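Reader: I'm new to protein structures. Could you walk me through this one, starting with the overall picture?

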Amino acid sequence: MGEARQPLVYISGFGAFGDRSDNPSSQLVRELSKQSFVHHCESSIEVSAIGTLQYLARLHQDIAVAVSQGHEVLVVHFGVNGGAAELNLEQIAFNSAHFHT
């Protein structure tokens, strides 16, 4: 049996939005990017439907290549819910794109 490979870890967070010049999710991603287990990070995804779709298209291509080479992949995206009183972990996010920034 072959040696177990460590999964490729992709992390991401959003960039500036509204009157916030530095999104807290960007700060978190920048800190986590210093960890050896992180394969790829993107800390300033544009807060827009187009920016998100562009990032997802790039991510999909990267993951397809990694999987075709036999890698397991873990994708973690960080965001901010300004109204939350505690940390929330979503397994599946759904957004109908009826929002204003």
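Reader: What share of the residues in the protein is buried?

Author: Buried means under 20% relative accessible area (exposed is over 50%, partly exposed in between; 1.4 Å probe, protein chains only). This is a predicted model, where local features need pLDDT of at least 70, side-chain atom pairs count only at pLDDT 80 or more, and totals for chains, interfaces and linings use all residues. Residues are numbered from 1 along each chain as its sequence is written, and side-chain values use heavy atoms, leaving out hydrogens and water. Out of 101 residues, the buried share comes to 19%.

Reader: Why do the buried residues of H1 sit on the same side?

Author: The buried ones in H1 are Ser25, Ser26 and Val29. They share a side of H1 because the arc they cover around the axis (taken from the directions from the helix axis to the C-beta atoms) is only 100°.

Reader: And Gln27, is that residue buried, exposed or partly exposed? Which side chain does its own side chain make a polar contact with?

Author: Gln27 belongs to helix H1, residues 24–32. Its relative accessible area is 38%, so Gln27 counts as partly exposed. A polar contact is a pair of N or O atoms within 3.5 Å; within protein, one must be able to donate a hydrogen and the other to accept it, and residues adjacent in sequence count only if both atoms are side-chain atoms. At 3.2 Å, the partner of the Gln27 side chain is the side chain of Asp22.

Key:
Helices (H or I, at least four residues) and strands (E, at least two) are DSSP runs, numbered from the N terminus.
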